[in-house]
Each structure stands twice: as structure tokens, then as C-alpha cells.
Amino acid sequence: MPTTMTYREALRAAIVQEMDRDPDVFLMGEDIGKYKGTFRVTDGLFEKYAVDKKDWLVPPFNKNLQDGIGRRVVDTPITEPGFTGIAIGAAMVGLRPIIEMMTMSFSILALDQIINHAAKVHSMTGGQATVPLVVRGPGGAANQLSAQHSHSLEGWYAHCPGLKVVAPVTPEDAFGMLKTAVRDNNPVIFTENPGLYSMKGEVSDDPDFLVPFGKARIAREGKDLSLIAYSRMVNVSLLAAELLEKEGIDAEVVDVRSLLPLDTETIFQSVRKTNRAIVVYEDWRSGGFGAEIAARIGEECFDDLDAPVGRVGGLNVPMPYSRVLELQCIPNEQDVLDCVRKIG
Amino acid sequence: MAKQAKLELAASPADLERYYREMLLIRHFEEKCNHVYRTGKAGGYLHVYIGMEATAVGWVDALKLGWDYVIAAYRIHAFPLLMGTDPVACMAEIMGRSGGMSRGKGGSMHLYDIPNGFFGGWGIVGGHNPLGAGLAFAAKYRKEDRVTLCFLGDGAANAGVFFEALNMAGLWDLPVIFIIENNEYAMGTAIERHAADTELWKRGLPFGIKSERMDGMDVLKVRKKAKEIVDWVRKEQKPYVVEVMNYRFAGHGAADNDQTLYRELKSVDKQKETRDPIRLLEAYMRANKVMTDEKMEAIDAEIAEQVDEIYEKADASPHPEPHEVYDDVYTDMSPERGH
């Protein structure tokens, strides 16, 4: 029986299932323990996974070898490069850390660790070592967090070989893909749009439920136009499709959900059916991952297209604080409709 | 009348000979690496350990090999040679051949021997320090009494991420020893020009980490001190910071072709005359009548020949096949192919 839960609860359920299944899985991040996580994804896990309950209030940690670290949910100092590096080192000897970036914007501090270290280990060691690491956290604009906390960086990460990058939109995909991420032996960037945390949906309660990477999902079937999106922009595209339906345009919505690996086949099949494509993404429009998808459609589906490939992306500005200006920056269903008219 | 008491040796004759052989192996291997580079059989960056041999030999001697972890930056050829790696695989990797430890994907700066506990092999100055703390974190998480040695240079001791790693190592009592090899130069910048406080051993103090400075050129001193510290860390399950005072006789890297930009060559000559770790051990063995000059010369010639053979075998290893370019990017899938 599927259960209805929020995206946030689905993430937590996935973490609990994987931590219960495998003692090598542990959590690390800023304010994820006693403070329950800035977006409350890890609420309750600090107490649940305190190995030594007597000692969980105050650092320093246990002194004796036999006490070990004493917990599996580790609050860190505010040092993204440092704790990301510690997670990489621990992963190289077989632990399976899930680290939380309080926002993906802060992962910029840890880019050297993620790109220069984690993504290179398997190749540089000639396959001797692996980094089963999950880097997860909110990516994209929330609500007036302004310029330094609103980045959509999945395109940066998807640019880098050695990483896998996923951006699920439904609670069930969040659940199934986070479990897949934890079991993956490669570093995975798992981005969660903050606007999704309270969205509800049905989630499988099968303990073996997994959503594989590299498989796009048809979120809505249609025959006239393909809207190709990931993360929260899938919901924006679905809204646009409803509006288009009233105008007699039957839009298909493709939820990419896995950027690296990318399921180009599902995208191409949709475009070959509808002969029109618009890519919708929240990241800055210029040079964002949507441009990559658009380029591939141009390369592989040129003869199938009845119109140029359209792109709807975030405005190319630092995110402003004003709610009015912020909403102007983030693509919405009206922007998608405008693009439909533009490509004709 | 001076007493003629028989001085006790600092190490058994067998150990002394082993240290001698290990340091000579590193010295000849590194000289061969320079030759390999000059003849165009290795490219990129190549950093030799000539002059610093006593540091690696003394520290690795204090470890339980196959159990403890070692991680270092990019001046690393000595470590796999000391930790059980096939030296031919080591030279082949430096030459980018398929017989290398990473089958030509790593090169001189990125040597790894994970089964033997050597974790590389990193080219971003300072960047590997939290990884070292992470190895120690994993050992502690699993309640294993492994000790991690994390080597870094004096240049890396200024990197922000090093301080982050020190903080968490101190906060969580991680069993890691940060060994700052102070060879006096961060590439071409002398320590007086790159560190506000040149006593780098103090880096651990603000984090409550036991810290000290020690000599790094006398292998017997290094070995004694290293053993004490490794045993302490294993027992106490706490971190340690050591500043090892050594000196790099060679340039920063094979491409450092004008050392006069940052140091006087006569001061290098003076260091070679007075502090060469191999000459120091020879003097000790000579004074204590552990080994004759003839035996030393014979060992030296034997190892020079051994290194020649290592080089010949490595040079016989083929270059990687073009299709291997897609191998080992991921554990379970191939990256996208083609330009």
C-alpha cells in the first residue's frame, strides 16, 4: 500500500531505511542533528542514531576506541570543504556518508573537494578506490533568500564526469532515488528544490523500491509539444500543459529527473512524436543544463522538428531579494506559454 | 679517564641496513625518475624526494603495514616503495604505462596502493588533509585501532582546509597524525615569505592537539620519535601534529629549472654536505662499525642495478589502449563517448 507523505518525509524515510539496512551509512552536515536540519529533513534522526545516548549532548566525542564515534548523525562545524573531505576519506575506505549541504549554494565552498577530489578518485586510482558519497540539499530559489542562497548548481555538477546528478520532483522519486544514491558506489549530487519539501504524494512502502538513475519519466502524455524539465520545473511545466490544453494544445511533459546519466532516448522519443520541444529549467538560462538538452535535441532530432527548440530558464541575474523581482527571475507557467508562442 | 663503555646501537644492525637500503632505493629511484623525465619518457609534473628520504623511511617504519593508512600530497614516490608496492608498477605509473598502479591514469602525483594502505597522491595543495581526517574518522567509526599518517608540505600548512581538518580532528579526537614536512620552500617561495609564523608545529595548538617539531634528516631520530607518536595516537585515539624539519635537495619539480630564483645554490650544497640523510646514516654505521665502506659501496651498486632493472621492466610495459580512456570513470557505467 502506498502511503501519502511530503517530499521531506520521503527523503527522511529513505535515509532511515538505508541507515537501518547498512551500518556503514551515516549522516554528516551543519545543524542536521540537534537542530534537526534547516529544512527539517533529518528531524528525529540524531536521537534515533545516537549509539551512546549518555554522551550525545556535548562534544568532545568518546575517547575510547571501543566507544567509536558514538553516533551516526554527525553535526559538523560550518566548514563545507572540511567535512566534505572527511566524508570522501571515509568513503574511500567503505563508509557510505550522506552529507547535507544546508543549501547547495554552500557547496560552492566544497567544489574543490567534490570536483577535484571525489569525482576523480575512481579514475586516478585506476579503479582501486570508490567514493560512495551522497551530497544532498536544497538547490534553487526558496523564498526571498536572495543572491547567495538561491543557486541551481546541478548543471555545474552534471558538467563533471565522475559524478552522478539527480533532481527528482515527486516524493516517490525523492524516496526511490535517494535510496539508489546511497547504494551507488559513485559520488552522487542529489538536489532538492526547496519549494518541493512540503509537496505531498504517494510513496511506495516496498522496502526494495528503488528508482534507477538514467531513466526519464513521462509526467504527462501529449502529442503536440514536448516540455522537458526536471525538479520543480516539472510542476511548472504541468501547470503550463493544463493551460495549453484549454487552447487545444496537447503538451507532453518529460521529467528528466536524472541529469547524469541522462536518458536522451526518452527525450528524443517524445520529440520525435510531438515534433516540438521546449526545455524548462530554473538555473540561469545562459549555459545552464537546459542548453545541453536543447543542443542534443538539435543534434539528434533535427529532421523531426517543426520549430526551433525553445528554452525557458532563469533570468541571467543574481537572485534579487524583492519577492516581486525574485518571482520575475524564476520561470513560471506563463513564461512557458510565451515560449510556445515564440517558437510557433 | 674516559669510560670505554660500549654504546648501545640506536637500531639493530639488520634494521640499520634496511633503512640504508630503503633510503638508497628512494634516492636511486628518484634519480632515475629525473632521467626518465629528461629523456621524455615521463611528462607533466614530477616531484622527487631527494634529500627527504629519512622522513618517509622513519615514519613508515613505525606503522603496521597493511593496517594503518598513509595519505600524502604529490611528492610521494617514496611511500609506495616503502609500503610493499611493486616498484616496477610504481615506475610504470610515473611513465604513464598500462603496467602502472592506475594503469596510466594517475602519473607521478597520483600514485595509490589502496590494498597496502597508501591513499595517494593529491595535487591540490592542502586539499587532501580532510581526506586524511576522513580515513581516521572511518577507523574510529568502525572501532579499529588504525593510525592515519597525513603528510603535507610547509606550503599546505597555510591552506584553509588544513585548519578545518585540524579543527574536526581535535573536536572528534580522530587518530590522525598530520606530518608537516618543512623542506623550507613552498614551490619557489621560502618559508619566511609564506608563513606569518614559521614555527609550523604550532598549527595544532589552537585546536588542543599535541604538537611538536622534530628533525627529519636523521633516520634514527625520525624512526624513534615516529614510533613513540604512532604508538601514542593508537593508544590514546587522539590526533597529533608534527613539523618535520627536512630539506629538498632537488628543485620543486622536474620543471623547476632555475632554483636561483628563490635560493642560493651554495646553500643547497651546504645542506647536501652536512645533512644528507644517507651520508648521516653511513657516518653512524661507520663510527659504530656496523658496516664497512666496501659493504656500503656494494649495496649502493646493487641498488643502482636494481633500479636499472625496475626502469627496464617499466619501460617494457605498453602504453594504455585508446579504449581504456573510458574505464574507471564510474564503477558501473561508461561515460558518454566521443568528442
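Let's start in chain B, with a pair of strands. Strand 1, residues 69-71, and strand 2 run parallel, and three bridges join them. One residue pair to find there: B:Ile71 stands opposite B:Cys150 of strand 2. Keep in mind that this is a predicted model.

Now stay on strand 2 of chain B. Strand 2 also pairs with strand 3, residues 176-182, again in the parallel sense, over six bridges. Here B:Phe151 has B:Ile179 of strand 3 as its bridge partner. So what about cover? Strand 2 spans residues 148-153, and five of its six residues are buried.

B:Lys143 sits between helix 5 and strand 2 of chain B. Its phi is positive, about 60°, although B:Lys143 is not a glycine. Is B:Lys143 buried or partly exposed? Its relative accessible area is 36%, so B:Lys143 is partly exposed. Buried would need under 20%.

A:Asp31 is not a glycine, and its phi is near 60°, a positive value. You'll find A:Asp31 in the loop between strand 2 (25-29) and helix 2 (45-48) of chain A. Its relative accessibility is 35%, so A:Asp31 counts as partly exposed. As background, most residues other than glycine have a negative phi, and most peptide bonds are trans.

In chain A, look at A:Leu260 and A:Pro261. The bond joining them is cis, with omega about 5°. A:Pro261 lies in the loop between strand 12 (258-260) and helix 9 (264-274). In chain B, the bond from B:Gly120 to B:Gly121 is cis, with omega near -5°. B:Gly121 belongs to the loop between helix 4 (87-94) and helix 5 (129-141).

Now step back to chain A as a whole. How many helices and strands does chain A have? There are 12 helices and 14 strands. The radius of gyration is 21 Å, close to the 20 Å that the globule rule gives for 344 residues, so chain A is as compact as a globular protein of that length. Along the principal axes, its C-alpha atoms fill a box of roughly 70 × 45 × 45 Å. Of its 344 residues, 60% count as buried.

Contacts next. Take those in chain A between residues at least 6 apart in sequence: 80% of them join residues at least 24 apart.

Last, surface and charge. Chain A exposes about 12,800 Å², and carbon and sulfur atoms supply 53% of that. It carries 35 positive and 47 negative side chains, with the centres of the two sets 3 Å apart.

Terms used
Residues numbered from 1 in each chain as written. Chains lettered and ligands numbered in written order. Heavy atoms only, no water. Helix = DSSP H or I, 4+ residues; strand = E, 2+ residues; numbered from the N terminus. Rg over C-alpha atoms; globule rule 2.2 N^0.38 Å. Buried < 20%, exposed > 50% of the residue type's maximum accessible area, 1.4 Å probe, protein only. Contact = heavy atoms within 4.5 Å. Areas by Shrake-Rupley, 256 points an atom, 1.4 Å probe, with all protein chains shown as cover. Lys, Arg positive; Asp, Glu negative; His and termini not counted. Charge placed at Lys NZ, Arg CZ, Asp CG, Glu CD. Pairing = 2+ DSSP bridges.
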